[in-house]
Amino acid sequence: MSKLLCPECRHENEAERVYCHNCGAKLNRTEAVPIPGKTDDAETVATRERLRKMMDNRGVKTRQFFFKYAKLLLAACIAAALIQMFLAPDLPPVGKDLELGPQIGLDLENAILQHHGTQLTYTEDQVNAYLVGALKRKKTTLLDKPMLDFQRGIVHFDEGMFRMTVVRSCFGCSLYSSAFYRVNLQNGKLSATGEGGAIGRMPIHPQLMQFANFLVGDAFKALEQDRKEVEKLAAIEFHSHAVVMTAPTQ
């Protein structure tokens, strides 16, 4: 900072003045001298710099630009997730004119009673045909979800695991919820380890799926009697598009 001394009254004036603030005499700007003891300390300089940055319009525009496009990105992610939720996953074909599927429940009862270690092999098409009738008979237990009308249940087999997909209708729009499991049958106890799930084509992490088992839980509840028969078996194995069940021996 500097000062200008008036040649007439010796009044100290600011460096930008042309005329003396005290007497009005014209100032000689070439005689500006620094004001001693007025040097800004580091804290004052830092405070002034922060204020300058806060008042800088470029910073404000940058923040506005960031928040604007962050909102657009969030909206796009939500829209993409909703689209994935309403898309049908890859499912085994299920015909509308299926004949009565194999009586798997009756086959299991006979194999268990005979104690011959019989092996029963069914393709996923045969199991899906059986589910059409089995779940239709238990449809009253599948109608406890408001505005969601149960349509069908579909299974898909792969090596060591299976997928159950439940299809429901909401105002004429089909909604798909799936759960993936690895199954183990040991000492008459059937256990299933969750491997995740999906709503439509949107995947659900296994740790989150443990809180979303209600998506397919009613379908498993409707098949409770079949589960009890499976627990009487000696073994059950899942392979690509097929399941092999071994009855116990004497």
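This is a predicted model: local features need pLDDT of at least 70, side-chain atom pairs count only at pLDDT 80 or more; totals for chains, interfaces and linings use all residues.
Me: Fine. Which residues is Ser-178 in contact with, leaving aside its neighbours within four places in sequence?
Reply: Arg-163, Met-164, Thr-165, Gly-197, Ala-198, Met-209 and Val-216.

Me: Where is Ser-178 found?
Reply: In strand β7, which covers residues 173-186.

Me: Buried or exposed?
Reply: Ser-178 is buried, because its relative accessibility is 2% and the cut-off for buried is under 20%.

Me: What does the side chain of Ser-178 make a polar contact with?
Reply: With the side chain of Thr-165, at 2.8 Å. Thr-165 is also one of the residues listed as in contact with Ser-178.

Me: Back up to the whole protein. How many helices and strands?
Reply: Seven helices and eleven strands. The protein has 250 residues, and buried ones make up 30% of them.

Me: What about contacts between residues at least 6 apart in sequence?
Reply: Of those, 50% join residues at least 24 apart.

Me: Surface next. Which residues form a nonpolar patch?
Reply: Leu-74, Ile-78, Leu-82 and Phe-86. Together they have about 400 Å² of accessible area.

Me: Take Phe-86. Where is its place?
Reply: Phe-86 is in helix α2, and that helix spans residues 57-86.

Me: Where is Arg-10 found, and is it buried or exposed?
Reply: Arg-10 is in the loop that runs between β1 (2-5) and β2 (12-14). With a relative accessibility of 52%, Arg-10 counts as exposed.

Me: What about the phi of His-241?
Reply: His-241 is not a glycine either, and its phi is positive, near 65 degrees.

Me: Where is His-241 found?
Reply: In a loop as well, between β10 (235-239) and β11 (242-246). His-241 counts as partly exposed because its relative accessibility is 41%.

Conventions. Residues are numbered from 1 along each chain as its sequence is written. Side-chain values use heavy atoms; hydrogens and water are left out. Helices (H or I, at least four residues) and strands (E, at least two) are DSSP runs, numbered from the N terminus. Buried means under 20% relative accessible area, exposed over 50%, partly exposed in between (1.4 Å probe, protein chains only). A polar contact is a pair of N or O atoms within 3.5 Å; within protein, one must be able to donate a hydrogen and the other to accept it, and residues adjacent in sequence count only if both atoms are side-chain atoms. Contact means heavy atoms within 4.5 Å. Patches are made of residues with over 30% relative accessible area and no salt bridge: like charges are joined within 9 Å, nonpolar side chains (Val, Leu, Ile, Met, Phe, Trp, Tyr) within 5 Å. Accessible areas come from the Shrake-Rupley method with a 1.4 Å probe; for residues, only the protein chains shown count as cover. A salt bridge is a side-chain nitrogen of Lys or Arg within 4 Å of a carboxyl oxygen of Asp or Glu.
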